[in-house]
Every structure is written in C-alpha cells, then in structure tokens.
Amino acid sequence: MNILFVCTGNTCRSPMAAGIFNKIIAEKKLRLSKINAQSAGIAADNVSGATKNAIIACEKINVDLKSHVSRSIFDVNPNDIDKFVVMTRIQREFLVSLGINSDKIYILGDEIPDPFGGDLKAYEDCRDRIEEAVKSLIKTWRLGEKDAKL
C-alpha cells in the first residue's frame with residue numbers, strides 16, 4: 001500500500017504526518033514491508049527542507065525530519081498511490097480537480113491547520129493533532145488486523 005500525505009508546501013504537516021505514520025507502523029510491526037508512506041505538497045518547491053520547528057517538534061517524539069526535501073504533488077504518479085491523505089477539504093478538492101478518484105482521498109482528522117510561521121508550541125500542537133489523527137486512521141483502515149485488505 002502506497003500512502004501519500006499531502007499539504008501545501010510539504011515542509012510542515014505532510015512530512016510530520018508521514019514520519020509519524022511510519023514510526024507508528026514500525027513500532028507496532030504492522031505489515032511494514034507492504035506499507036510505504038511518503039509526503040508531497042500542492043505548492044512545494046522541491047528544494048526546501050522541513051521547517052526548523054517541524055524538525056524540533058518531531059525530534060521530541062523520535063521522528064527525524066532533518067533529511068526531508070519538499071516534493072511537488074506534480075512529481076508523483078497518482079497511479080502509484082493507493083491512498084491520499086490531505087490536511088484540509090480545499091486540498092481534497094484540489095486533488096479531485098486533478099482527476100484523482102475521490103474514493104482514494106482522506107482528510108486527516110477534522111482538518112489540520114497549517115503551523116507555518118508559528119512558534120514551537122504551534123508546531124507541537126500540530127504534531128499532537130497529527131499523531132492522534134494518524135492513530136485513528138490506522139485503526140479505521142484496520143492496518144493491525146490480519147484480515148485487513150492492503
């Protein structure tokens with residue numbers, strides 16, 4: 001299963017979400033070899049790293065974003081992705097406008113506000129919201145069950 005977390009610039013929310021998702025999958029040993037989570041942004045520049053506060057916030061929960069480089073959604077083959085996870089309804093609508101099947105697109109939690117430009121506390125709050133939403137998503141997708149369809 002190939003999962004793509006999508007936000008705007010791919011420097012905060014989606015790399016944090018992909019990192020947290022991969023950490024939880026690894027810790028719980030939930031079919032790690034068959035699940036690949038990545039991230040991209042709808043306005044990513046393909047050169048920026050994760051923001052300093054995203055790196056610091058994620059280091060505190062043992063998720064390493066230091067080597068992250070932003071990637072544009074336009075550099076992803078949508079046919080290679082099984083599930084798209086966006087941060088907002090607007091991002092969902094954007095992916096649908098690109099021709100991506102709406103059944104493959106999920107909104108993370110109740111939407112995840114962008115912490116870009118905020119202080120470390122804003123990023124930590126965002127990280128915590130993402131972590132809870134990712135745990136819920138894993139449970140909803142039944143990734144820990146033997147009979148889960150991947």
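**Notebook: loops, sheet and rings**

I began with Glu111, which counts as partly exposed because its relative accessibility is 24%. The cut-offs I used are under 20% for buried and over 50% for exposed, with partly exposed in between. I note at the outset that this is a predicted model.

**Entry: positive phi**

I looked up the backbone at Glu111 and found a phi near 90°, a positive value in a residue other than glycine. I placed Glu111 in the loop between E4 and helix H4, which covers 120-140.

I then turned to Asn46. Its phi is positive, about 65°, although Asn46 is not a glycine. I found Asn46 in the loop between E2 and helix H2 (52-59). Is Asn46 buried, exposed or partly exposed? Its relative accessibility is 33%, so I wrote down partly exposed.

**Entry: the sheet**

In what order do the four strands of the sheet run? I read E2-E1-E3-E4, in an open sheet with parallel pairing. At the edges I noted strand E2 (36-41) and strand E4 (105-107), each of which pairs on one side only. From one strand to the next, the twist averages 25°. For background, I reminded myself that strands of a sheet pair through backbone hydrogen bonds, either parallel or antiparallel.

I checked one pairing by itself. Strand E3, residues 83-86, pairs with E4 in the parallel sense, and there are three bridges. Opposite Val85 I found Tyr106, which is in E4.

Next I looked for what lies across the strands. Helix H1 (residues 13-28) lies across strand E1 (2-7) and E2. I noted an angle of about 150° between the run of H1 and E1.

**Entry: Val86**

I picked Val86, which lies in strand E3. Which residues does Val86 contact, leaving aside neighbours within four places in sequence? I listed Val6, Gln91, Arg92, Leu95, Ile105, Tyr106, Ile107 and Leu108. I also looked up Val76, ten residues from Val86 in sequence, and found the two C-alpha atoms 15 Å apart.

**Entry: aromatic rings**

I described each pair of rings by the distance of the centres and the angle of the planes. How many aromatic pairs are there? The count comes to three. I looked closely at Phe5 with Phe21, whose ring centres are 5.6 Å apart. Their planes stand at 55°, so I recorded the pair as tilted. Phe5 is in strand E1 and Phe21 in helix H1, 16 residues apart, and the pair links distant parts of the chain. I marked Phe5 as buried because its relative accessibility is 0%. Phe21 is buried as well, with a relative accessible area of 0%.

I went on to Phe74 and Phe94, with ring centres 6.2 Å apart. Their planes are at 85°, so this pair is edge-to-face. I placed Phe74 in the loop between H2 and E3, and Phe94 in helix H3 (residues 89-97), so the pair ties together parts 20 residues apart in sequence. With a relative accessibility of 53%, Phe74 counts as exposed. Phe94 has a relative accessible area of 27%, so I put it down as partly exposed.

**Entry: a charge over a ring**

Last, I looked up Lys83 and Trp141. The charged end of Lys83 sits over the ring of Trp141, and I noted 4.7 Å from the ring centre.

Key
Residues are numbered from 1 along each chain as its sequence is written. This is a predicted model: local features need pLDDT of at least 70, side-chain atom pairs count only at pLDDT 80 or more; totals for chains, interfaces and linings use all residues. Side-chain values use heavy atoms; hydrogens and water are left out. Two strands pair if DSSP finds at least two bridges between them. Helices (H or I, at least four residues) and strands (E, at least two) are DSSP runs, numbered from the N terminus. Axes are lines fitted to C-alpha atoms, for helices over the stretch in contact, and angles run from 0 to 180 degrees between N-to-C directions. Contact means heavy atoms within 4.5 Å. Buried means under 20% relative accessible area, exposed over 50%, partly exposed in between (1.4 Å probe, protein chains only). Rings of Phe, Tyr and Trp (its six-membered ring) pair if their centres lie within 6.5 Å; planes under 30 degrees apart count as stacked, over 60 as edge-to-face and the rest as tilted. A charge sits over a ring if NZ of Lys or CZ of Arg is within 6 Å of the ring centre and within 35 degrees of the ring normal.
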